[in-house]
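I am opening a notebook on a structure that is new to me. The entries follow the order in which I looked things up.

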Amino acid sequence: GRELGMLDSLLSLGGLVLLWDSVEWEGRSLLKALVKKSALCGEQVHILGCEVSEEEFREGFDSDINNRLVYHDFFRDPLNWSKTEEALPGGPLGALRAICKRTDPGPVTIALDSLSWLLLHLPCTTLCQALHAVSHQDSCPGDSSPVGKVSVLGLLHEELHGPGPVGALSSLAQTEVTLGGTKGQASAHILCRRPRQRPTDQTQWFSILPDFSLDLQEGPSVESQPCSDPHIPPVDPTTHLTFNLHLSKKEREARDSLILPFQFSSEKQQALLRPRPGQATSHIFYEPDAYDDLDQEDPDDDLDI
Amino acid sequence: MFVELNNLLNTTPDRAEQGKLTLLCDAKTDGSFLVHHFLSFYLKGMGRIDAGVNLTVARERGQLVFLEGLKSAVDVFFQTQEEPHPLQFLREANAGNLKPLFEFVREALKPVDGGEARWTYPVLLVDDLSVLLSLGVGAVAVLDFIHYCRATVCWELKGNMVILVHDSGDVEDEENDILLNGVSHQSHLILRAEGLATGFCRDVHGQLRILWRRPSQPTAQRDQSLTYQYKIQDKSVSFFAKGMSPAVL
């Protein structure tokens, strides 16, 4: 079998995973595929749904996946404009904290759809503090009951945020996945930061099947790669130059036999230790001017070496 | 309605998808021909227009409700209002949110009690959203307004939305960028009309880029973006592949 790619095992390590998408390459399909994977592993999955309706999010999942998904609806009335009693208290962050206060010790995945919506509507610092508290829960000993691993998967639309919030979120995240692609083939660039380890990165080509399973691929198929026109031969840039890029045989030999001035070989050592007779020694000629204080005594005379 | 554009989008008035948001965007050119297309496309879809599309008739029948933005903007300063005016935010120093505007839209979309249904499904056409930015509303507030419209029109009433946003191409205009990108991410279909990079041309008026997003079923082969060039004529628009204008072939 093939080794599991990083894309497959993104959520198994826990912590905060950022999923960056763009107008050109949407990320909700991958978000749903990762959610499906978590659900199939037996985890409980919570969705904070701010951008699409619950029906739309659940579409394409079969019933055993849907039974494991808890959808917190912030799509219908996120700003409480209808002023009914149905509004979820505490807003999205309240819901996030409530999920973490759970008594069930199993592993949990929380999908934020989308983290961009939260970032546009909440102060960045408050959001970052909440995300830090949630994704580092295992290391916070405040609660005496042991809780399982928490993975937070946040969908972010890269065009909507400035470098400040982007940097703040990146510093909190253990893993960042950036969507891209070429000519109909999607790719995910995965950057993984583990404590005390070098960051690793990998680009994984993939496609999402109609049932939201992840299909990993080797690369864009040959037909979809941009091909150069076979009628135009590749141009050699080294023709027609005004300078010479090549060495003749004699020039090459001379170059190879050259000893570099600061290379210390045994010949050089011998030459230095035994100066040849008749070899000109070097002199220093010094013309003192009127203000010089010349002292003929050797300043090192009083040293006892 | 431009039949060629229907072919490119693979749709007809009687079998149009519902619950969709389409974004029309223009950069360095006038995208209003796209607005006209969708206006007549949806009116035709209502099935009761016999000869051509008569906007006045549609308006009288209640099928078409206009909010004349600029006219209302002036009214709000000169009239005493008991009820909240849709453009109430203009009077408030701190243009917080567009809730009154949303409530106006929701009222307008309510089916009339008794009598026959005004439409099979409602269509909300916004021409153009960039005006709200120039009236001083923040980009996030406009995005929230569109979100609520989408929740009501597309999800609750299973209707469609068509929104026009200008892309000024101005790197300094961050608010417009956030608005354009924010609406793009909420859209199912984006039609972007661009002027040619090389300048004005008599036979090719611009380039149209069609981008499909958010398919309900992800397709294994994502063939989601097409680019065509177009020429606007008297009563129609002709589309052709890049470099294939009849004038140059």
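**Confidence first**

I began with chain A, whose mean pLDDT is 82, with 85% of its residues at 70 or more. The model is predicted, and I kept that in mind for every later entry. I then looked up residues 222-228 of chain A, where pLDDT stays under 50 and the model has 3 contacts beyond four places in sequence. Where pLDDT is low, the predicted coordinates should not be read in detail. I left that stretch alone.

**Chain A in outline**

I noted 9 helices and 9 strands in chain A. Of its 305 residues, 39% count as buried. Chain A exposes about 19,200 Å², and carbon and sulfur atoms supply 55% of that area. I also looked at contacts in chain A between residues at least 6 apart in sequence: 64% of them join residues at least 24 apart.

**Strand β4 of chain A**

Which strands does β4(A) run parallel to? I found 6 bridges joining β2(A) to β4(A), and the two run parallel. On this pairing, Ile47(A) stands opposite Ala111(A) of β4(A). Another 5 bridges join β4(A) to strand β5 (residues 150-157) of chain A, again in parallel. There, Leu112(A) has Gly154(A) in β5(A) as its bridge partner.

In β4(A), 6 of the 6 residues are buried, so the strand is largely enclosed by the rest of the structure. In a regular strand the side chains alternate between the two faces of the sheet.

**Helix α4 of chain A**

I turned to helix α4 (residues 91-100) of chain A and asked how many of its 10 residues are buried. The count is 7, so the helix is largely enclosed by the rest of the structure. The buried residues are Pro92(A), Leu93(A), Gly94(A), Ala95(A), Leu96(A), Ile99(A) and Cys100(A). I traced what they pack against: the strands β2 (44-49), β3 (69-73) and β4 (108-113) of chain A, and the helices α5 (115-121) and α6 (124-135) of chain A.

**The sheet in chain B**

In chain B I followed an open sheet of 7 strands in the order β2-β3-β1-β4-β5-β6-β7, with mixed pairing. Its edge strands are β2 (123-126) and β7 (237-240) of chain B, each of which pairs on one side only. The twist averages 20° from one strand to the next.

I took one pair for a closer look. Strand β1 (residues 21-27) of chain B runs parallel to strand β3 (residues 160-167) of chain B, and 7 bridges join them. Thr22(B) stands opposite Val162(B) in β3(B). Helix α8 (residues 174-186) of chain B packs on the sheet and touches β1, β3 and β4 (189-194) of chain B. The direction of this helix makes about 150° with that of β3(B).

**Salt bridges**

I found 14 salt bridges over all chains. Side chains of opposite charge can pair when their charged atoms come close.

In chain A, Glu54(A) and Arg58(A) meet in a salt bridge at 2.9 Å, N to O. The two lie 4 residues apart in helix α2 (residues 54-58) of chain A, so about one helical turn separates them. Glu54(A) counts as partly exposed because its relative accessibility is 27%. I also noted Arg76(A) with Asp73(A), whose closest N and O atoms are 3.3 Å apart in their salt bridge. Arg76(A) is partly exposed, with a relative accessible area of 43%.

In chain B, Asp167(B) forms a salt bridge with Arg192(B), with the closest N and O atoms 3.0 Å apart. Asp167(B) lies in strand β3 and Arg192(B) in strand β4 of chain B, so the pair ties together parts that are 25 residues apart in sequence. Is Asp167(B) buried or exposed? At 15% relative accessibility, Asp167(B) counts as buried, whereas Arg192(B) is partly exposed at 22%.

My last entry is a network in chain A: salt bridges that share partners join Arg28(A), Glu51(A) and Asp113(A).

Notes. Residues numbered from 1 in each chain as written. Chains lettered and ligands numbered in written order. Predicted model: local features only at pLDDT ≥ 70, side-chain atom pairs only at ≥ 80, totals over all residues. Heavy atoms only, no water. Pairing = 2+ DSSP bridges. Axes fitted to C-alpha atoms, helices over the stretch in contact; angles between N-to-C directions. Contact = heavy atoms within 4.5 Å. Buried < 20%, exposed > 50% of the residue type's maximum accessible area, 1.4 Å probe, protein only. Areas by Shrake-Rupley, 256 points an atom, 1.4 Å probe, with all protein chains shown as cover. Salt bridge = Lys/Arg side-chain N within 4 Å of Asp/Glu carboxyl O. pLDDT = per-residue confidence, 0-100.
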